[in-house]
Amino acid sequence: MSLALETVALCKSFGALAATREVSLRVARGARHALIGPNGAGKTTLINLLTGVLRPDAGRVLLGGTDITELAPHTRARRGMTRTFQINQLFAGLTPLESVALAIFERHRFGRHWWRPLASHTAVMDEAAALLQRFGLANAAHTPVATLPYGRQRLLEIAVAIAGQPHVLLLDEPAAGVPEDERHEILSIVKGLPGDVAVLLIEHDMDLVFSFARRISVLVDGSLLVEGAPDEVAGDPRVRAAYLGEAPLG
Amino acid sequence: MAADWVRRIAVNHREWVFWIVAIALPLLFPGKLLLINEIAILALFALSLDLLLGYAGIISLGHAAFFGVGAYAAGLLAKHGLAEPLVGLLLSAAAAAVLGFLTSFLVLRGSDLTRLMVTMGIGLMLLELANRFDTITGGADGLQGVVMAPLLGLFAFDLAGRTACAYSMAILLVLFLLARRLVRSPFGLSLRAVKANRLRAVSVGVPADTRLVTIYTIAAAYAGAAGALLAQTTQFVSLDVLDFHRSADVLLVLVLGGSGYLYGGLIGAAIFKVMQDWLAAQTPQYWQFWIGLLLVVIVLAGRERVAVAIRRRWTALTRRFAGEPTP
Amino acid sequence: MLTILFDGLAYGMILFVLACGLAVTLGLMNFVNLAHGAFAMAGGYITVLLMSRASVPFLLCLPIAFAITALIGLLLERTLYVWLYSRPHLDHVLFTIGLVFMSIAAVDYTMGAQQQIIRLPVFLQGRLEVLGVSIGVYRLFVILVCGVLVVVLQSILVFTRFGSRLRAAVDDQRVARGLGIDVDAVFAITFAAGSGLAGLGGALGAEILGLDPTFPLKFMIYFLIVVTVGGTTSITGPFLAAILLGVADVAGKYYVPELGAFVIYALMVLVLLWRPHGLFTRRGAR
C-alpha cells in the first residue's frame, strides 16, 4: 500500500501542554480517512502541523514519501496538499470565480505572470467556471464572497481547496455550522470527490464520518488511541470510554 | 462567461474620457502647465502607493524614501554629466527599486504597527543621510546645478513647462497602463488574495512573501520614477523630497480618491494640488492645518463614503461625456 | 562614560513616561495613536505659559500639566476617538496624523515656531560631583520623579482593583466584558491618564528634549520604537525599551556624532531582524 501522507512520531507542546504526542498517522492514496476525537484532543494542532502553520518539536511529515517537515506552507500546497478551514477563510473582495481561479493559477505556477490579463487565460477561467458549476455556485460566480449565504461560502471553501487538484485534501469540519437541510449538499460534494485524492476528514458529525470514512483514527489527549475500519472503531471500548468521559457524541 | 470577462478588461468608455480630459487639460489651461506637471508627478507617486496599500494592504508612513532616492539619483546623474532624461529616469527608478527590494524584508513580517515604524524609520534615516552628506546632496540648500538635456534630443525643457508637462504626463500614462496590466493579471489577483486573507492565500500555494517583496520593489521603482520626474522637470532637488510630509500627503491623496482601483491616486492628486494651490494662496503658512483638518474630517465622515462620493460624481460626469446612459 | 549612561537613563525615563500611555492604548484598544506626542507638546506648552504668564512655580506646573492634558485626552477620547476603535488601522493613522498636523499648525500660529525655554528653579540647576561622576541636578530630579512614577504605575497595575480590570481587559476584551468589567470606562480612564502622563513627560522633558511646534512629529518615531520593541502586553517591556533607546541615542550622539540619529535606526533594524515581534514581548503572545 503506497502512502499519500504519513507522519512519524510527531510531537508538539505549548509550554507544559503536550498537544501532539508521538502521532504516527498513515493515510493511503485515495483514502477516505476520518480523524475524530473529543474536544481538545489536538485535532486542529495536528492539521496545523501537517500544513506547516506550526513547526513540530520532533517527528516528521511525509507527503507521497518525501519529507516535507521543513517546507513552508505554500510549498506544501504546491506539492499537492490543500485544506479547508473549520471557520471560513475566504477572500473578502474577491468573487468566487476569482477565488477558484487563483488556486488554479497557482497550481500552474502562473501566479507571477503579470502581463496577460486574467480573462485571456481562457483555459484557467473555463476550468474555474466548470468547477463552480459542479459545486452549484455558477450563478454566484461574480457575487462578492462576503455577501454569499453561509452554506454557499462553505461550499466555496471546499471548491477553493479542490481547485488546486491536491493529492491530499484535509477537510476540517466541512459541515460545521451548516443547517440540517443544507448538509446533504456538503455530503454529496465530499462523497463525489475524485477517487485518487486521499481525503482526511476531521469531523464532529458522526453521521458524516460513518457515511464517508472507510478508515477512522481516534485522537485522544494528543495521541492516537485507535485506528481501524469504522465498525471496529465504533465497537472499541476504549473509544467509548474516551467519548463517554466527555460529552455525548456530537 | 468568457465574453463577460473580456468586457471587464477592455478599456471602457469612462477610462477613455478620463485620459482625453487629462490630455486636454494642458491645452485648456496653458497658464497652469507647472501645476499640471506637479499633479502628474503626485499622481504617479500616489499610484505607486496604491499598488502597495490598495492591492497588497501594506500601510507605509515613509513612502517618500523612494520618491526622494529617485529625485536625488536623477538630480545627481544630471549634475554629473548624465543629462539624458529617459536614461536618468530609468536609472533613478532602478536605484529606488534596489532600496525597495532591500527594505522589503523588514516590512514583510510583523503587524501594521511594526510596518508603520519601519517605513517611517527608513524615511527618516534617508532624510538624515541626505542632510549629513551635504557635500553630495547640497544639504539644506538643495542640489544646485541640475541641467537636463533636451528630451529625446529634440525638446528642451522650457520655463513655461511645456516639455515638462508633456514628459510627466507621458510617463504617467505609460506607467499607469503597466500598472493596469499588473493588477489585472494572475499576479495582481494573487496580491489581492494575500491582502484579503494571507493564511488562505498561502494554503492554496501563493508564496505570499515573494509576492510582497515583488510588489514592494515595483512600488518603490514607481515612487522613484515620480521623484526623478520632479528633479528633472524642476531641475532642483531639496531635502523636502524626503520629508515626512510627503509620505503623509500621498496617503491623504490616495484616501481622497480611494484606493484599490488605480484611478484614485490620479483623481486625488488633482483635487489635492488644486486645493493646495488655492488654499496656499489664502494662508500660505497654515496649509498644514487644513491638511490635518481634512484628514480628521475624512476619517470621521467615513473614508469609504468620501471616496465613493467622489468616484460617483466622477462616473456621472464621464458617463455624460461618453454618452453612456446613466442608470 | 558614566555620565553618558546617566544622561541616557534620564532620557530613557522621560521617553517611557511619554510613551507608556501609548503602549496601554495600543494594548487595550489596538488603537494606533500617532497623535500621542501632541499631548506631550500640550503639557510642555502649558508649563511654559503658566511659568511665563502666571509665574506659577515649576514644581506646581507639573501636576497642572498632567491634569489639563488628561482632561483634553478624556474629552477627545469621548468625543472623537471612541468612534474609531472598530475601524481599520489605516483610519487610526490618518486621523491621528491629521490631529498632529492641526496641533503643529495651531501651536505655530499661537506661540511661534521658535524653541521654548523653561526657566528651571535655581535648586534644579547646576551639576553635582558624585564619586567622580559629574551629574546634572535636573537629570537626577527627572530620574527620581520618573522612577517614582514607574513604581506607582506598576503598583496600580498589580495591586489595585482598577489595575486588575485593566490587565483583564488587555488580556481579552471579550472575556473582560463578560465578567462585567466596564471596558469602555476603563479605557476612558486609561486614555486620560496616558495623555496626562504624556503631558507630564512633555513638561519634564522640555528642558532635555527641546520644545517647539514640531515636537509631535520629531518624537513620533521614538514612541513607535518604544512600543514595537517593548511590546504592549506589560509596562516593563516598554520601560526597558525606552531605557535602551535613551542610552543608545545619547551614547550614539556622543561617541559618533557624525552618525547622529543613525544609531537608533540601526538598532531598530537589528532588533527587527533578530526578533520581528519585538524584544520584550512574550513568546507565543498573539
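Between chain B and chain A of this predicted model, 12 residue pairs are in polar contact, both residues being at pLDDT 80 or more. A polar contact is a pair of N or O atoms within 3.5 Å; within protein, one atom must be able to donate a hydrogen and the other to accept it, and residues adjacent in sequence count only if both atoms are side-chain atoms. On the side of chain B that touches chain A, at least two residues come from each of helix 1 (2–9), helix 8 (162–183), helix 9 (186–196) and helix 10 (198–203) of chain B. Helix 9 of chain B gives the most to this side, with 7 residues. Helices (H or I, at least four residues) and strands (E, at least two) are DSSP runs, numbered from the N terminus. The side of chain B that touches chain A divides into 17 nonpolar, 5 polar and 7 charged residues. In this classification Ala, Val, Leu, Ile, Met, Phe, Trp, Tyr, Cys and Pro count as nonpolar, Asp, Glu, Lys and Arg as charged, and the others, Gly among them, as polar.

The model is predicted, so that local features need pLDDT of at least 70 and side-chain atom pairs count only at pLDDT 80 or more, while totals for chains, interfaces and linings use all residues. Residues are numbered from 1 along each chain as its sequence is written, chains are lettered from A and ligands numbered from 1 in the order in which they are written, and side-chain values use heavy atoms, with hydrogens and water left out.

In the interface of chain B and chain A, 29 residues of chain B are in contact (heavy atoms within 4.5 Å) with 39 residues of chain A. The two chains bury about 3,100 Å² between them, with 68% of it on carbon and sulfur atoms. Buried area is the accessible area (1.4 Å probe) that two parts lose on being put together, summed over both. The interface of chain B and chain A also holds 3 salt bridges, a salt bridge being a side-chain nitrogen of Lys or Arg within 4 Å of a carboxyl oxygen of Asp or Glu. Arg211(B) and Glu106(A) form a salt bridge through their side chains, at 2.9 Å from N to O.

For chain C and chain B, 42 residues of chain C are in contact with 36 residues of chain B. About 3,700 Å² is buried between these chains, 84% of it on carbon and sulfur atoms. The interface of chain C and chain B has 0 salt bridges and 1 residue pair in polar contact, both residues at pLDDT 80 or more. Helix 4, helix 10 (220–230) and helix 12 (262–274) of chain C are the elements giving two or more residues to the side of chain C that touches chain B. Helix 4 of chain C gives the most, with 16 residues. By class, this side of chain C has 33 nonpolar, 5 polar and 4 charged residues.

Over all chains, the structure holds 25 aromatic pairs. Rings of Phe, Tyr and Trp (its six-membered ring) pair if their centres lie within 6.5 Å; planes under 30 degrees apart count as stacked, over 60 as edge-to-face and the rest as tilted. The pair of Tyr81(C) and Phe191(C) is tilted because the ring planes stand at 55°, with the centres 4.9 Å apart. This pair joins distant parts of the chain, 110 residues apart: Tyr81(C) is in the loop between helix 3 (58–79) and helix 4 (89–111) of chain C, and Phe191(C) is in helix 8 (residues 183–209) of chain C. Buried means under 20% relative accessible area, exposed over 50%, and partly exposed in between (1.4 Å probe, protein chains only). Tyr81(C) counts as buried at 0% relative accessibility, and Phe191(C) is buried at 3%. Phe215(C) and Phe219(C) form a tilted aromatic pair, 4.8 Å centre to centre with 35° between the planes. One aromatic cluster consists of Phe31(C), Phe39(C), Tyr81(C), Tyr85(C), Phe95(C), Phe187(C) and Phe191(C).

Most residues other than glycine have a negative phi. Gln235(B), which is not a glycine, has a positive phi of about 55°. Gln235(B) lies in the loop between helix 11 (208–234) and helix 12 (244–257) of chain B and is partly exposed, at 25% relative accessibility. Leu262(B) also has a positive phi, near 70°. Leu262(B) lies in the loop between helix 12 and helix 13 (263–282) of chain B and counts as buried, at 2% relative accessibility.
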